[in-house]
Amino acid sequence: MTSADLGDPCTSTMQMCKPQKTHKMAPVSRCSGKSFRLNQEQRPLKIVRASYQYLYDNANAEYLDCVNSVSHVGHCHPVVVKAASATMECNITTQGWDIDYGDIRYPVKLRQTLPDYLDTFLFCNSGSEAVDLSLQLCQLYTRGTDVVVIDNAFHGSIDSVHHLSPKVFKANNISKADWVHIVAMPDLYRGQDPGAVDKYISDAREVVQNIRHTGKKIACFIAEPMLTVPGIIIPPSTWVQEIYKMVHEAGGLCIADEVQAGLGRIGSHFWSFQALDVNPDILIIGKTIGNGYPMASVVTSREIAAVLGDRIKEYKCSPLMDAVGCAVLEVLEKEHLMAAAASVGSFLQDQLKTLQHQHEYIGDVRGKGLMVALEIVWSKESKKPAQEVAEQIVHRMKDEYVILANEGCNRNILMLMPPMCFTKDNAISLVQRLEKVLSELPKHRHSQDDTAHLSPMPQASQSTVCEGRLGIIQPQEEEDDDGEDDSSSSNKDTMDLEYTQHSYQDLD
Ligand SMILES: Cc1ncc(COP(=O)(O)O)c(C=O)c1O
């Protein structure tokens with residue numbers, strides 16, 4: 001199915017979407033993060049409009065978008081666009097006056113998807129801001145200072161939040177803050193022995209106990225309940241439940257960051273914490289709830305929110321957030337997108353698993369609903385991450401009009417997190433093209449030593465020295481201004497000296 005079958009929502013906004021005569025593309029190095037660079041460096045993509053799960057370039061070629069999860073219900077969905085523009089046409093903003101905006105419906109609607117105790121909604125403009133606000137709430141409420149995070153996590157791109165994001169501080173040679181403590185991520189692809197889950201739990205217990213023994217107090221544990229950023233790791237529920245228990249016993253709060261995995265994407269539940277049967281004290285949502293419009297929310301209990309005192313009124317839902325947020329929920333419901341995510345997602349995984357049996361490079365296929373990861377390795381036996389092969393696949397798939405991205409700390413994981421309107425036909429088309437690309441790769445490659453068979457990849461732009469936001473001078477590639485996708489493997493050797501790498505093997 002193409003966007004024409006769905007009714008192209010861009011027609012009404014075509015004037016805005018069309019490239020203007022004077023339009024100049026920003027240089028590649030300024031406009032793309034690492035995971036998207038491969039789509040830009042050779043035969044740069046000039047995407048000028050988008051519709052549902054499709055992107056269109058300036059020659060009107062249609063690309064299947066398998067990565068833009070932010071456009072949750074579909075790029076430029078007409079219901080969302082209409083709600084936003086209708087509100088903007090009559091909305092007044094003022095400083096200092098109290099305007100009666102009428103009923104704000106969004107928190108009421110959102111509350112219907114949540115447990116009763118999560119009854120207070122604080123709105124802001126980005127996930128990063130929501131994480132920062134959550135940290136403030138936890139520190140004020142518990143009087144604790146220290147925070148437990150998961151290895152390779154990413155929670156946003158502002159200063160305080162960089163400290164909570166090992167993905168950022170490891171890749172940028174930034175010293176880990178002494179109030180931040182890292183637990184290993186439960187990588188059950190590599191840690192497959194029967195005792196693995198217990199090892200991961202005891203690692204976390206040790207981290208929490210160490211904080212207590214040094215006389216420090218935990219403010220919170222923050223994590224994506226299902227870890228999308230490090231490569232779609234679905235943790236065992238006992239591991240999450242045990243950490244929540246330990247942190248609560250130590251007087252801390254638990255924050256669930258659902259910026260990526262929430263809003264029905266996993267198919268079985270509206271929020272991923274529900275699938276793991278845990279009760280976070282604070283829920284962070286963002287990006288997807290606005291289908292790209294910048295809005296986010298910290299959802300918590302009245303009791304916890306009360307620590308903000310009078311400041312609470314700074315976090316109201318604006319009429320525009322209200323209109324956009326409600327429209328997204330309405331589309332999700334009317335188009336049955338959560339149920340579709342469950343069925344299309346499991347169909348896609350089944351197809352990919354068939355492909356996995358035929359191709360040595362696909363080490364693992366995993367995920368839930370419409371978040372699926374393919375781990376690309378040099379061989380199934382060694383499980384050695386094969387970044388070069390993953391890059392080659394991303395690059396070749398672009399020629400096949402499919403947009404993918406290679407993510408994870410070794411950049412060898414192909415992440416499939418498309419808009420939720422992605423169909424079974426899209427899944428078939430993706431798998432067919434992937435099969436074609438994989439069959440072109442040389443077979444039986446067991447090591448990364450011989451990469452000569454792979455077509456030469458575009459070189460990353462020259463390194464420059466720039467000043468990090470934490471005041472640290474570091475060599476960094478030019479275009480890392482989005483805070484994402486920073487785990488360059490080339491930086492590994494010079495990783496933060498204070499930081500101890502956790503891997504499954506380290507837990508023995
Ligand atoms: C898991 C997670 N949390 C928080 C954020 C930060 O959200 P924002 O980019 O809206 O600041 C991101 C951004 O990608 C994210 O992936």
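This is a predicted model: local features need pLDDT of at least 70, side-chain atom pairs count only at pLDDT 80 or more; totals for chains, interfaces and linings use all residues.

Visitor: Which atoms of Gly 127 and Gln 260 lie by an oxygen atom of the ligand?
Guide: For Gly 127 it is a backbone N or O atom, 2.8 Å from a ligand oxygen. For Gln 260 it is a polar side-chain atom, also at 2.8 Å from an oxygen of the ligand. The ligand exposes 390 Å² when taken alone, and the protein buries 92% of that.

Visitor: How many residues surround the ligand, and which are the closest?
Guide: There are 13, and the closest are Gly 127, Ser 128, Asp 257, Gln 260 and Lys 287. By class, the shell holds three nonpolar, six polar and four charged residues.

Visitor: Why is Val 207 called buried?
Guide: Its relative accessible area is 10%. Buried means under 20%, so Val 207 falls in that class. You will find Val 207 in helix α10, residues 196–213.

Visitor: What does Val 207 touch beyond its sequence neighbours?
Guide: Leaving out residues up to four places away in sequence, Val 207 touches His 181, Ile 182 and Val 183. Val 207 and Val 148 are 59 residues apart in sequence, and their C-alpha atoms are 8.1 Å apart in space.

Visitor: Why are β11 and β14 said to stand at the edges?
Guide: The open sheet has four strands in the order β11-β12-β15-β14, with antiparallel pairing. β11 (362–368) and β14 (406–407) each have a single partner strand, so one side of each is left without a neighbour in the sheet.

Visitor: How do you know that β14 and β15 count as paired?
Guide: Two bridges join β14 to β15 (residues 413–416) in the antiparallel sense. Pairing takes at least two bridges, so these strands meet the cut-off. Glu 407 stands opposite Ile 413 in β15. The hairpin of β14 and β15 has five residues between the strands, and Gly 408 there takes a positive phi near 85°.

Visitor: What joins β15 to β12?
Guide: Four bridges do, with β12 (residues 371–376) running antiparallel to β15. Leu 374 has Leu 414 of β15 as its bridge partner.

Visitor: What makes you say that both faces of β15 are covered?
Guide: Ile 413 and Met 415 on one side, and Leu 414 and Leu 416 on the other, are all buried.

Visitor: And the chain as a whole: how many helices and strands are there?
Guide: The protein chain has 17 helices and 17 strands. Of its 508 residues, 56% are buried. Residues 24 or more positions apart account for 73% of the contacts with a separation of 6 or more. The chain exposes about 21800 Å², and carbon and sulfur atoms supply 51% of that area.

Terms used
Residues are numbered from 1 along each chain as its sequence is written. Side-chain values use heavy atoms; hydrogens and water are left out. A residue is near a molecule or strand if one of its heavy atoms lies within 4 Å of it. A polar contact is a pair of N or O atoms within 3.5 Å; within protein, one must be able to donate a hydrogen and the other to accept it, and residues adjacent in sequence count only if both atoms are side-chain atoms. Accessible areas come from the Shrake-Rupley method with a 1.4 Å probe; for residues, only the protein chains shown count as cover. Ala, Val, Leu, Ile, Met, Phe, Trp, Tyr, Cys and Pro count as nonpolar, Asp, Glu, Lys and Arg as charged, and the others, Gly among them, as polar. Buried means under 20% relative accessible area, exposed over 50%, partly exposed in between (1.4 Å probe, protein chains only). Contact means heavy atoms within 4.5 Å.
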